[in-house]
Every structure is written in C-alpha cells, then in structure tokens.
Amino acid sequence: MKLYYKAGACSLSPHIALREAGLAFEIEAVDLPTKKTESGADFLAINPKGYIPALVLDDGTVLTEGVAIVLNIAAMAPDKKLAPPAGSPGYFKLVEWLVFIATELHKSAGGLFNPAMPEEGKTMVKGLLTRRLDYVNQTLGKGPYLLGDSVGIADFYLFNVFSWLPRVGIDPAAWPNLVAHSTRIGARPAVQAALKAEKLI
Ligand SMILES: N[C@@H](CCC(=O)N[C@@H](CS)C(=O)NCC(=O)O)C(=O)O
C-alpha cells in the first residue's frame with residue numbers, strides 16, 4: 001500500500017492509523033501546488049481530485065477521502081480495534097465523529113491557511129470553530145477518548161486537525177480537555193513514528 005501525503009496536512013490522520021494498525025505501507029510526498037509526487041509522478045493521474053490523502057491499496061484500488069481511508073484501515077486490522085465492529089451502535093457514533101471532524105473542524109480550520117481568505121471571513125470561521133471545539137472539549141471531559149475508553153481513528157483525526165490551531169492563529173489553551181487529549185495521543189509510539197517520518201519532530 002502507498003499513502004500519498006503532505007507533511008502535517010490531513011494525511012497525517014491515515015498515516016497514524018496505518019502505523020497503529022501495524023500494516024505494511026510506504027509513503028510518498030506530494031507537492032500540492034505542482035501536483036507532482038516526490039518521485040516525479042503526476043499526482044493528478046493517481047487522484048484526479050488533486051488533493052491528499054490518497055491510499056493506493058495492494059490491488060491497485062485508489063481510495064480517497066480521509067474518512068473512507070481511515071475506516072478502511074481500521075477494517076484491515078480488526079484485531080487492533082481502531083473502530084467498533086461495523087454496524088454496531090458504537091460504529092455509528094464513530095461515523096458521527098468522523099463526519100463532524102471532516103466537515104465541521106477540518107474544512108473550517110483548513111480554510112484558514114488560505115492567504116486569500118479575507119479577515120472578516122477568518123473571524124467568522126474562527127467563531128464557528130470556537131463553538132465546535134467548545135462542544136468537543138465538553139465531550140472529552142467524560143472519557144479519555146472520543147468514544148470513551150477506547151482509542152481509535154477518530155482520535156487520530158482530531159489530533160491531526162487540533163495540531164493546526166497555533167498555525168492559524170488560534171490558541172489551543174482555551175480547550176484544556178482537548179490539549180490533554182492531544183498530549184495523550186501525541187505520546188503514542190505510532191504517532192511519534194508518523195511525526196518523525198513526516199519530519200515534523
Ligand atoms: N475531502 C477531502 C479533503 C482533503 C483536503 O482538504 N486535503 C488538502 C490538504 S489537508 C489538500 O490536499 N489540498 C490541496 C488541494 O485541494 O488542491 C478529505 O476529507 O480527504
């Protein structure tokens with residue numbers, strides 16, 4: 001399997017999931033402005049959507065969309081219990097979290113990196129993000145992880161997106177339960193290995 005990624009971007013979530021799952025994989029960086037991969041390949045020929053993450057499975061299938069990718073990774077390593085069993089009540093809570101992170105946190109926070117976004121737009125998005133993060137902070141007070149006692153793919157995705165806040169001018173200290181969650185996830189050996197492989201530490 002090969003994961004196409006950009007250091008520190010939203011591909012960090014599937015990168016961590018692959019390491020937590022103990023699966024065999026390679027990573028290849030993508031230069032997003034030119035759509036060229038590290039080895040000189042045309043990334044648009046791999047993922048016509050032009051964005052990372054993209055995971056090429058061993059049978060050649062190209063899977064895109066971070067949520068689909070991490071659900072597939074969890075399904076490939078059921079013994080690691082990175083997701084509740086498909087179809088169980090816990091599974092639908094997991095999907096609820098993944099969709100919330102993708103649509104309410106990732107895309108909002110991601111937009112703040114765009115230098116073309118006007119200041120009024122940034123203020124509006126930061127207000128929205130603040131309300132969403134208040135909710136996550138409150139929920140995390142009830143259990144160490146998003147689904148309670150069991151760590152999994154939603155926690156890695158949340159860790160990934162939360163790590164962007166200082167870079168977009170938001171002080172994470174406003175959400176102590178989220179900071180504690182991020183510290184807890186960041187200390188995991190698989191997470192440290194992913195950060196090292198992406199040259200982030
Ligand atoms: N809907 C996609 C969005 C992925 C995405 O936002 N990727 C960003 C980096 S975090 C990207 O590659 N942007 C470059 C582009 O859109 O050209 C997903 O959830 O996986």
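**Exercise 1.** Are helix 1 and helix 8 parallel or oblique to each other?

*Solution.* The model is predicted, with pLDDT of at least 70 needed for local features and 80 or more for side-chain atom pairs, while totals for chains, interfaces and linings use all residues. Residues are numbered from 1 along each chain as its sequence is written, and side-chain values use heavy atoms, without hydrogens and water.

Step 1. Locate the elements: helices (H or I, at least four residues) and strands (E, at least two) are DSSP runs numbered from the N terminus. Helix 8 covers residues 189-197.

Step 2. Take the geometry. The axes of helix 1 and helix 8 come within 9 Å and cross at roughly 130°. Axes are lines fitted to C-alpha atoms, for helices over the stretch in contact, and angles run from 0 to 180 degrees between N-to-C directions.

Step 3. Classify the angle: under 35 degrees is roughly parallel, over 145 roughly antiparallel, 65 to 115 roughly perpendicular, and the rest oblique. Helix 1 and helix 8 are therefore oblique to each other.

Step 4. List the residues in contact (heavy atoms within 4.5 Å). Helix 1 supplies Leu12, His15, Ile16, Arg19 and Glu20, which meet Ala190, Val191, Ala193, Ala194, Leu195 and Ala197 of helix 8. This contact divides into 8 nonpolar, 1 polar and 2 charged residues (nonpolar: Ala, Val, Leu, Ile, Met, Phe, Trp, Tyr, Cys and Pro; charged: Asp, Glu, Lys and Arg; polar: the others, Gly among them).

**Exercise 2.** Describe how helix 1 packs with helix 3.

*Solution.* Step 1. Helix 1 (residues 12-21) and helix 3 (residues 66-76) have axes 9 Å apart, at an angle of about 0°. That makes helix 1 roughly parallel to helix 3.

Step 1. On helix 1 the contact uses Ser13, Pro14, Ala17, Leu18 and Ala21, and on helix 3 Ile69, Val70 and Ile73. By class, 7 residues of this contact are nonpolar, 1 is polar and none is charged.

**Exercise 3.** Which backbone features occur at Pro53 and Glu65?

*Solution.* Step 1. The peptide bond from Ile52 to Pro53 is cis, with omega near 0°. Pro53 sits in the loop between helix 2 (43-46) and strand 4 (54-56).

Step 1. Glu65, a residue other than glycine, has a positive phi near 80°. Glu65 is in the loop between strand 5 (62-64) and helix 3.

**Exercise 4.** How is the chain divided into domains, and what lies between them?

*Solution.* Step 1. Domain 1 spans 2-80 + 190-197 and domain 2 spans 89-188; these bounds come from an automatic or database domain assignment.

Step 1. The C-alpha centres of the two domains lie 20 Å apart. In the contact, 17 residues of domain 1 meet 16 residues of domain 2.

Step 2. About 1,300 Å² is buried between domain 1 and domain 2, and carbon and sulfur atoms give 69% of that area. Buried area is the accessible area (1.4 Å probe) that two parts lose on being put together, summed over both.
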